[in-house]
Amino acid sequence: MSSAPPVFISAADVERLLPRASLLLPGLEAALSNFSAGPAGGVEQPLRAVLRVRPYRGFLGVMPAYSAADDALSTKLVTFYEPRGDSAAPSHQATVLLFDPRCGALRAVLDGAVITAKRTAAVSAIATKLLMPRPAAVLCILGAGVQARSHYEAFTELFDFTEVRLWNRTEQRALQLASSVGGAVRVCGTVRDAVCGADVIVTVTMATAPILFGEWVKPGAHINGSHIVLFSGRGEQAGLEGAGRRADEELGAGGGFQGGGAGGVGGRDPVRGRDFCGAGGAAEGNKTGTARENHRLQVSGDGS
């Protein structure tokens with residue numbers, strides 16, 4: 001085996017190699033389908049292990065995976081910290097390590113920030129492609145950070161929305177994002193104004209309490225919930241279950257809870273026992289009803 005040092009792939013390199021979200025979709029759709037196929041899909045991906053850094057209200061996540069179809073062995077290390085006004089550091093930082101599956105040697109170190117932003121938005125786009133109502137004219141994005149930008153770029157490339165709405169708790173940040181993306185974006189003063197009548201809703205905020213309520217969402221709308229509450233002290237699973245409970249209670253008895261992370265797989269809502277499927281299950285054809293008949297909530301882990 002070669003003893004060459006690992007290659008370093010910077011954020012600029014990732015941007016250059018993956019300039020458009022559409023380039024990610026074929027590989028991600030295959031990976032999601034393989035994950036949802038269980039052992040036959042050849043994907044080994046344990047649940048993310050999370051270490052709390054209690055003195056600084058932070059977390060370190062470790063996310064390993066092996067894909068037999070790609071013969072690829074890798075892990076992502078991600079840190080996420082509660083935003084603080086006295087720190088200029090990003091709330092999320094990530095590094096991806098690529099290993100030689102034959103011997104375990106480290107082959108590459110990749111900056112994970114751009115990969116995370118683009119991959120999360122692309123997975124949301126896959127779920128949206130499969131589950132959104134037709135026609136879908138209005139896109140609503142709640143949040144104005146890195147994920148909001150990546151979702152805007154992916155969704156406006158892949159779909160033909162006639163209106164894009166944006167809301168953020170700090171309106172100035174929403175205005176800054178809207179002025180920088182190069183397309184027409186309407187900044188809304190309230191969440192309700194932003195979501196009412198929207199066909200597709202993307203939630204990419206750091207909110208630790210509910211901001212989106214079912215009575216504001218029109219029947220058939222598709223929701224990409226790309227944030228998991230970790231700062232409440234309840235942990236990741238509680239945050240996901242809370243999202244499922246909120247969707248079921250607020251969106252009514254016909255609501256379909258679609259949960260999971262990057263490779264969400266069909267199963268049962270642990271809170272109410274209802275059927276759900278994530279992006280992986282949807283890619284595999286595991287859908288409950290149609291987007292026109294039910295509200296939909298697809299949860300993909302923010303920063304995963």
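Me: Where does Ser150 sit?
Reply: In this predicted model, Ser150 is part of helix α4, which covers residues 146–158.

Me: Is Ser150 buried or exposed?
Reply: Ser150 has a relative accessible area of 8%. Buried means under 20%, so Ser150 counts as buried.

Me: And what does Ser150 touch, leaving out residues up to four places away in sequence?
Reply: With those left out, Ser150 touches Ala117 and Ala121.

Me: What about the nonpolar cores: how many residues has the largest one?
Reply: The largest nonpolar core has 23 residues. Those with the most contacts inside it are Leu139, Ile141, Phe155, Phe161 and Val200.

Me: Which elements give two or more residues to this core?
Reply: They are α3 (112–131), β8 (138–142), α4, β9, α5 and β11 (200–203). Of these, α4 gives the most, with four residues.

Me: Which residues does Ile141 contact, apart from its neighbours within four places in sequence?
Reply: Ile141 is in contact with Ala148, Tyr152, Arg165, Leu166, Trp167, Val202 and Val204.

Me: New topic: where is Asn168?
Reply: Asn168 lies in the loop between β9 (163–167) and α5 (171–180).

Me: Buried or exposed, that Asn168?
Reply: Asn168 is buried, as its relative accessible area is 14%.

Me: Which backbone oxygen does the side chain of Asn168 reach?
Reply: That of Thr170, at 3.0 Å.

Me: What does Asn168 touch, not counting residues up to four places away in sequence?
Reply: Asn168 touches Gly143, Ala144, Arg173 and Ala174.

Notes
Residues are numbered from 1 along each chain as its sequence is written. This is a predicted model: local features need pLDDT of at least 70, side-chain atom pairs count only at pLDDT 80 or more; totals for chains, interfaces and linings use all residues. Side-chain values use heavy atoms; hydrogens and water are left out. Buried means under 20% relative accessible area, exposed over 50%, partly exposed in between (1.4 Å probe, protein chains only). Contact means heavy atoms within 4.5 Å. A polar contact is a pair of N or O atoms within 3.5 Å; within protein, one must be able to donate a hydrogen and the other to accept it, and residues adjacent in sequence count only if both atoms are side-chain atoms. A nonpolar core is a set of buried Ala, Val, Leu, Ile, Met, Phe, Trp, Tyr and Cys residues joined through side-chain atoms within 4.5 Å.
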